[in-house]
Amino acid sequence: MSAIEPTRQDAQASLDKIHTRTLPQRLWSWRYIVLRRLSQLGILLMFFGTAHWGWQIAQDVPLLTGNLSASKFAGILPMADPFAVLQIFLTGHVLQTEVLLGAGTVFAFYLILGGRVYCAWVCPVNMVTDLANWLRMRLDVRPIFHITRNVRYLMLAAALVLSVVSGVAAFEWVSPIGMMHREIIFGLGLGFIALLAIFLFDLLILKNGWCGHLCPLGAFWSVIGHHTAQLRVRFDASTCTHCGECARVCPEPQVLNLKKIAEVGYVYSGECSNCGRCSPLCPEGSLAFDLRPLIRKHNERSARVTP
Amino acid sequence: MAMAEKTVTRREFLLQVAQGTAVAATGAMLWLYMLRQEARAHPFALRPPGALPEPDFLAACIKCGKCVNDCPYDTLKLAPAGGNLPIGTPFFTPRDIPCYLCPDIPCMKACPTGALSPELNNINDSRMGLAVIDIENCLSWRGLRCEICHRECPLKGKAITLETHPRPISKHAMFYPMVHSDACTGCGICEKACPTEEPAIRVFPHKMVQGKIGEHYRLGWTFETEITQDFKPSAPSAAGSAPAKAPKKAPGMDYLNEGGL
């Protein structure tokens, strides 16, 4: 870690670097957004194609049946939403092996990769809230009020308690995420009204309101990925000029507390969704995806090169 | 001074706790209200074969739609948001597409949670609903020779039978289709086939149409009723061969039917 604190001039120089980027550089900096949209839409398309056009991976082996609540890939790999399964379990219902296996598979996947990778790379609602957020920045909408982002953990607890009390999976029955993927895959209903509500809420009422403050599924994945995620954003404190652009574009800016992440060496919070907004934007290359076991070594090497 | 500050802080703290609790409780009650409204939405939903009893089914169904994917006839649909059926659960509308009773029951096999019970081995044992005939509008009951429901029924002769009755002013008999709940699967093929403008035979969930006698009624003329075993007059091969067993004491017996008077 450098002993010299970065100056205001350093930060301004960094900002200038961003503003003088050429078009190819700018296009390249959108790479993760493009990849995320491909991932989100590709998954929906596989579900849709299997349901409506009979897409198969081989004779009589459907490609991807079901939806994000529970599915089966290529007729062998069961997948299920562990949060939905947990809620059903809490209603007192004995579940079948297939859905437990599926939930275990998905759980293990995100446990290793980082729970909220789901939020940024899979969840279809992310496309709606990203659009709202982009428009909000464009229109320069002023905040009305602030609430703590920890409300989502309250929502998570409420979803679990209400599943016990009501005898049905509490979040699954009102989930706009469920409504969105179900209605895209299985036919339209009034779920788009819930999505419109989220869009307007995020656009005009509370910045990152749904994904960043309320969604219990996001809270669930935040908890899951917190200690075990292996794919994280490495923070190289020795090159950072504190220009603050990363926190401006981050949908969860509290995870970019530069003092704390400089100590740890990477963005450690489970609330980071690995969306990849900060990393291509950073003019100094101080933030980059890396594998957790290698991060310490990479940071030490970088500190030696830049005194 | 420090004391006073501390007191105010405590009061504020308690108030904040109360406010937080109030917000949480209000939110939770609203949420619970939505769940209750949704779960009791519509009692007419016909579920896929093997579905657990409705409350268990609603708890166990993960709303993945794999049963819908695997239904070869596009019978099953997922209830959309804002409709009058519990959100995201599979159902079918027989007048549009009935259940064609696949012997391999692919929908049930696709279910990952067991909301469609894997204990259903024979599709003919499924009880999705019960067909009910509106005898005022049934062509056969009005005297025409229709009987399409009987002919189309996959369990013809068991689930739907025909009863002949003479009619007063013509030598031609009436053919009354009758539904039998012990064999009707509720597949709805009859409802689909019924030629009347609005179907005169329709499938409903059992709860909507079936009554229950209650255990205290004794049907004295049936062989199954214990109380009348000893004076059953024409029980086949019972006469003389074995000594009459003392009838078991049935619930609801008193001096009126025990001969105490």
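**Reading a helix pair and an interface**

Tutor: In this predicted model, helix 5 (residues 97-113) of chain A packs against helix 12 (residues 216-225) of chain A at about 65°, with axes 8 Å apart. Local features need pLDDT of at least 70, and side-chain atom pairs count only at pLDDT 80 or more.

Student: How are two packed helices described?

Tutor: By the angle between their axes and the distance between the axes. Axes are lines fitted to C-alpha atoms over the stretch in contact, and angles run from 0 to 180 degrees between N-to-C directions. Helices are DSSP runs (H or I, at least four residues).

Student: Which residues in helix 5 of chain A meet helix 12 of chain A?

Tutor: Val106(A), Phe107(A), Tyr110(A) and Leu111(A) meet Phe220(A), Trp221(A) and Ile224(A); contact means heavy atoms within 4.5 Å.

Student: How is the size of an interface given?

Tutor: Often as the accessible area lost when the parts come together. Between chain B and chain A, about 3,000 Å² is buried (1.4 Å probe, summed over both). Carbon and sulfur atoms give 69% of that area. In chain B, Trp31(B), Leu35(B) and Ile62(B) lose the most area to chain A, together 23% of what that side buries.

Student: How many salt bridges cross the interface of chain B and chain A?

Tutor: The rule finds one. It takes a side-chain nitrogen of Lys or Arg within 4 Å of a carboxyl oxygen of Asp or Glu. Glu98(A) pairs with Lys66(B) in a salt bridge, the closest N and O atoms 2.8 Å apart.

How values were computed
Residues are numbered from 1 along each chain as its sequence is written. Chains are lettered from A and ligands numbered from 1 in the order in which they are written. Side-chain values use heavy atoms; hydrogens and water are left out. Buried area is the accessible area (1.4 Å probe) that two parts lose on being put together, summed over both. Helices (H or I, at least four residues) and strands (E, at least two) are DSSP runs, numbered from the N terminus.
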